[in-house]
Amino acid sequence: YSSAASDVYKRQGWKGQTGLIHEAVLATFPDLTHMRCYASGSAAMIKVAYQAFANAGICPDCFYTDML
């Protein structure tokens, strides 16, 4: 499980990762070869995450979403 919040929350005391969620995932798990992803969000976010995760080795059959 990975979470990230916008920079606004960082100014409000958030101690976790900030920024785009797919970047937070890849910072924690750079090799997604043996991982599964359950993604939800806007179509644009899902497309960007899918491409980034594919580049990091995730199997297309292991990326689950209702958007694609």
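## Terms and basis

Buried means under 20% relative accessible area, exposed means over 50%, and partly exposed is in between, with a 1.4 Å probe and protein chains only. By that scale M67, with a relative accessible area of 38%, is partly exposed.

What you have above is a predicted model, in which local features need pLDDT of at least 70, side-chain atom pairs count only at pLDDT 80 or more, and totals for chains, interfaces and linings use all residues. Residues are numbered from 1 along each chain as its sequence is written, and side-chain values use heavy atoms, with hydrogens and water left out.

## The overall layout

Let's start with the whole chain. The protein has 3 helices and 2 strands, and along the sequence they follow the pattern α-α-β-α-β. Here helices (H or I, at least four residues) and strands (E, at least two) are DSSP runs, numbered from the N terminus.

Of the 68 residues in the protein, 24% are buried. The accessible surface comes to about 4,900 Å², and carbon and sulfur atoms hold 56% of it; such areas come from the Shrake-Rupley method with a 1.4 Å probe, and for residues only the protein chains shown count as cover. Among contacts with a separation of 6 or more, 41% join residues 24 or more positions apart, where contact means heavy atoms within 4.5 Å.

## How α2 and α3 meet

Helix α2 covers residues 21-28 and helix α3 covers residues 43-55; their axes come within 9 Å and cross at roughly 20°. That makes α2 roughly parallel to α3. The axes are lines fitted to C-alpha atoms, for helices over the stretch in contact, and angles run from 0 to 180 degrees between N-to-C directions. Angles under 35 degrees count as roughly parallel, over 145 as roughly antiparallel, 65 to 115 as roughly perpendicular and the rest as oblique.

The crossing of α2 and α3 is right-handed, a term for the near helix being turned clockwise from the far one by less than a right angle, with anticlockwise being left-handed. On the α2 side the meeting residues are I21, H22, V25 and L26, and on the α3 side they are M45, V48, A49, A52 and F53. By class, this contact has 8 nonpolar, 1 polar and no charged residues. Ala, Val, Leu, Ile, Met, Phe, Trp, Tyr, Cys and Pro count as nonpolar, Asp, Glu, Lys and Arg as charged, and the others, Gly among them, as polar.

## H22 and its partners

H22 sits in helix α2 and counts as buried because its relative accessibility is 11%. Not counting residues up to four places away in sequence, H22 touches V48, A49, A52 and F53.

V48 belongs to helix α3 and is partly exposed, at 44% relative accessibility. V48 and H22 are 26 residues apart along the chain, and their C-alpha atoms are separated by 8.0 Å. Y50 is also placed in helix α3 and is partly exposed, at 25% relative accessibility. For Y50 and H22, 28 residues apart along the chain, the C-alpha separation is 8.7 Å.

## Toward the two chain ends

Y1 lies in the segment before α1 (7-11). With 90% relative accessibility, Y1 counts as exposed. Y1 and Y38 are 37 residues apart in sequence, and 9.8 Å apart in space from C-alpha to C-alpha.

M67 is found in the segment after β2 (63-64). Leaving aside neighbours within four places in sequence, M67 is in contact with G41, S42, A43 and I46. The C-alpha atoms of M67 and A44 are separated by 9.5 Å, with the two residues 23 apart along the chain.
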